[in-house]
Amino acid sequence: MSQKIAVIVASGTGSRMGSEIPKQFLPLNGKPVLVHTLEKFLSIHDCHIILVLSEAGKAYWQPISEQFFPDTYIPVITGGDTRYQSVKNALDSLDTDVPTLVAIHDAVRPLVPLNVILNAYVVAEQFGSAVTCVDSKDSVRLITEDRNQALERKKVKLIQTPQTFQWDILKKAYELPYIDSFTDDASIVEAAGYTIHLVEGSYANLKITTPEDLFLAEHLLHESAH
């Protein structure tokens with residue numbers, strides 16, 4: 001059985017939130033968003049976490065770690081100017097010669113269900129990759145240079161995290177030089193020539209990007225507690 005690693009990417013600035021505090025450090029039901037995310041992965045007893053923070057984010061993290069994780073060692077890696085570089089920095093810190101599965105997850109997806117994380121590890125163990133997604137609820141149109149056209153909604157998937165891969169695959173993929181079309185880890189692994197296996201995510205696994213997202217997350221947490 002492969003060892004499990006989770007890279008939690010928390011180096012964003014959160015400009016769309018309209019807050020001076022990066023969104024991963026904003027309070028959500030009495031805890032910073034990041035704490036909810038870390039607690040979910042820490043509940044997996046054999047999962048090792050790598051936290052990626054910006055230099056500015058480390059100042060927020062210090063008191064949070066002392067308050068919520070005083071007895072837990074969580075290694076911190078400094079992020080880069082892009083998500084690609086942030087993840088690459090985390091991967092470069094890994095030194096393992098045993099079978100390893102690496103889940104990469106957005107810190108601002110604090111409501112990811114535990115079964116979604118665990119299933120992604122299982123599928124990645126078998127197929128090499130497991131990228132969580134959900135069906136599009138809305139109609140979708142593709143914009144081209146001179147027109148737009150409707151796409152078949154049932155053929156469109158909305159991609160989430162975690163995105164989980166076998167270590168050897170991920171390591172080779174991140175040797176590729178960065179290009180703008182690398183919007184997530186799946187796009188990088190695919191560019192390296194590997195097949196992407198999709199697995200079911202959850203509509204509750206929302207990405208907190210705007211104040212409306214934070215409000216909805218508060219509501220979902222409140223409902224789940226009752």
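Analyst: Quick ground rule: buried means under 20% relative accessible area, exposed means over 50%, and partly exposed is in between (1.4 Å probe, protein chains only). This is a predicted model, where local features need pLDDT of at least 70, side-chain atom pairs count only at pLDDT 80 or more, and totals for chains, interfaces and linings use all residues. Residues are numbered from 1 along each chain as its sequence is written, and side-chain values use heavy atoms, with hydrogens and water left out.

User: Why is E152 called partly exposed?

Analyst: E152 has 44% relative accessibility, which falls between the 20% and 50% limits, so partly exposed it is.

User: And what makes K155 exposed?

Analyst: Its relative accessible area is 64%, and that is over 50%, so K155 gets the label exposed.

User: How do you know that E152 and K155 form a salt bridge?

Analyst: The term needs a side-chain nitrogen of Lys or Arg within 4 Å of a carboxyl oxygen of Asp or Glu. For E152 and K155 the N to O distance is 3.4 Å, so the pair qualifies. In general, side chains of opposite charge can pair when their charged atoms come close.

User: How many salt bridges does that rule give?

Analyst: Nine. Among them is E39 with K31, whose closest N and O atoms are 2.9 Å apart. E39 is partly exposed at 29%, and K31 is partly exposed at 26%. R83, D106, R109 and D185 are linked in a network of salt bridges.

User: What makes E55 and K58 a salt bridge, and where do they lie?

Analyst: Their closest N and O atoms are 3.6 Å apart, so they pass the rule too. Both lie in helix α2, three residues apart, about one turn of the helix. Helices (H or I, at least four residues) and strands (E, at least two) are DSSP runs, numbered from the N terminus. E55 is exposed at 54%, whereas K58 is partly exposed at 27%.

User: What makes a set of residues a nonpolar core, and how many are in the largest one?

Analyst: The members are buried Ala, Val, Leu, Ile, Met, Phe, Trp, Tyr and Cys residues joined through side-chain atoms within 4.5 Å. The largest such core has 29 residues, and those with the most contacts inside it include I8, L51 and W61. Its largest share, six residues, comes from α4. Apart from this core lies another, of 24 residues, W167 and I169 among them.

User: How do you know that β6 and β10 pair, and in which sense?

Analyst: Pairing takes at least two DSSP bridges between the strands. β6 and β10 (residues 157-166) have four, in the antiparallel sense, so they pair. In one of these, I104 has Q163 in β10 as its bridge partner.

User: What makes β5 and β11 edge strands?

Analyst: The open sheet has seven strands in the order β5-β4-β1-β6-β10-β7-β11, with mixed pairing. β5 (76-78) and β11 each have a single partner strand, so one side of each is left without a neighbour in the sheet.

User: Last one: what is A204 in contact with, and where is A204 placed?

Analyst: A204 is in the loop between β11 (198-200) and α7 (211-224). Contact means heavy atoms within 4.5 Å. Leaving aside neighbours within four places in sequence, A204 is in contact with L111 and L220. The C-alpha atoms of A204 and L220 are separated by 7.7 Å.
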